[in-house]
Amino acid sequence: MFHKPLPTVERETHMRWSRIAVAVVAAMACGVGGGAMAEDKDSPAEKSDGINIRMDGEMAGYVRGMNAFGLKMYGQLAGAEGNVFFSPLSLHTALSMASVGARGETHAEMAKILGLPTRERGPAEEVVAHVYHEFFATRLNTDAVSGGAKELSVANGLWVGQRKQLVERYAEVMKQHFQSESSTLDFSKSEAAAKEINGWVAKKTKDRIQDIVRADMFTDNTVLVLANAVYFKSDWADKFTTDWTKDGDFRLGGDKTVKVKMMFQEGRFDYAETDDAQVLSMPYKGRKFSMVFVLPKKADGLAELEKSLSADQLEAWTKFTPSEVWVTLPRFKVTREFDAIKPLQALGMKQAFVAGKDGADFSGMVADERVWIRVVAHKAFVDVNEVGTEAAAATVEAMDSASDDEEEPKKFKADHPFLFMIRHNQTGAILFLGRLADPTKE
């Protein structure tokens, strides 16, 4: 949410909790299952306002930047114990929306950490908006519809405080390129403000993300709230047979194990192997999106793999070869939430969170007031099972994976902590990224 500075005397008494002052909300939910998706009627062609976005140009750079940002954010979150799950796509989108209104050092820091295009082909912030629009409209949404993913929903929201005015060009860019829904909200009525924003997020994530903001996040000085919600739901291309799911041991570390439901299937999948890890890509229906698992060869080897996590390492991991694989995976659900400001500051994005006349500069967003970021709230949910949610079974597509080769099948048994991510296969964009440390913990 975006805030203006408090008057000097008042600021001293409130500095402890409102020294930062803009809130960006990011939320996502994903699962494997059914549902319906409406086609984007506003999907543009390959050109938008004269800026032609190609996969070998701005598009590729945008995806590389988003992935690099997501992997660095994971590095900041990996120090906590237990499961980790978040959406680089959601965080990156919400922060990109804010970056369009940033200027000076604030914009430079945000662009660097987010890996945003900065070359001069029109104002840098508008290049970001164009690339974002083309990325989602011509790649993700189109592939979700044509590929058979049951639902991919990326929604942006914007709430402006009463008697506040956005810079006209910023409002136009948010509407035209980010397709941001906007409305006016009285943030002095904090309970009602929180209820409205939480309701919007819940609706956009099919009720999977609840209560992402609290009333105490808003004050009379709140100027603006930006929000992004991502919802993804799809059947596996090759479903697991529920009769083959059995109780099994998942090794947590040392001699400690827990009993979980272990799913099993055999088939032909994209597979890779390094000295330290096995990597498996399991496609969703339509094969436009996949879930990628990175399984350490050592039961206690995940911490070492996490240290090497980078864009270059990801590229090495995903040099796949189609192989016969016996797959054993646990069922799992994970929900995680956090305020992303400290991780972002640790990565070098600092000016955006500083109040005062020498602090953040979002003058491209709100011209007559100094505003800064106070909260970056993020909450994520994932559900992985044999078929999906309740609507999934009716639309599962079985794929023929028969092979004439007498190939020795690879054995991929995920019975100890591993990394996982959901990727868009054409661009390589990481939509969601996480670590399963304990499948019994939601």
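## T328 in strand 13

T328 counts as buried because its relative accessibility is 14%, where buried means under 20% relative accessible area with a 1.4 Å probe and protein chains only. This residue lies in strand 13, which spans residues 321-330; strands are DSSP runs of E with at least two residues, and helices are runs of H or I with at least four, both numbered from the N terminus. Leaving aside neighbours within four places in sequence, T328 is in contact with M262, M263, F264, F412, K413 and A414, contact being defined as heavy atoms within 4.5 Å.

The model is predicted, so that local features need pLDDT of at least 70 and side-chain atom pairs count only at pLDDT 80 or more, whereas totals for chains, interfaces and linings use all residues. Residues are numbered from 1 along each chain as its sequence is written, and side-chain values use heavy atoms, with hydrogens and water left out.

## F338 in strand 14

F338 is found in strand 14, residues 332-339, and is buried, with a relative accessible area of 18%. Not counting residues up to four places away in sequence, F338 touches M73, L77, F85, F86, L91, V376, A377 and H378. The C-alpha atoms of F338 and K379 are separated by 6.6 Å, although these two residues are 41 residues apart along the chain.

## Helices 3 and 6

Helix 3 (residues 88-100) packs with helix 6 (residues 168-176) at an angle of about 150°, their axes lying 10 Å apart. That angle makes helix 3 roughly antiparallel to helix 6, a term used for angles over 145 degrees, where axes are lines fitted to C-alpha atoms over the stretch in contact and angles run from 0 to 180 degrees between N-to-C directions. On the helix 3 side, M97, A98 and V100 meet Y170, V173 and M174 of helix 6.

## Cores and the whole chain

The largest nonpolar core holds 108 residues, among which M110 and F362 touch the most other members; such a core is a set of buried Ala, Val, Leu, Ile, Met, Phe, Trp, Tyr and Cys residues joined through side-chain atoms within 4.5 Å. Helix 2 (residues 58-77) contributes the largest share of this core, 9 residues. A second, separate core of 20 residues includes W159, A193, I209 and A229.

The protein chain has 10 helices and 19 strands, and 58% of its 442 residues count as buried. Among contacts between residues at least 6 apart in sequence, 78% join residues at least 24 apart.

Technical notes. Buried means under 20% relative accessible area, exposed over 50%, partly exposed in between (1.4 Å probe, protein chains only). Angles under 35 degrees count as roughly parallel, over 145 as roughly antiparallel, 65 to 115 as roughly perpendicular and the rest as oblique.
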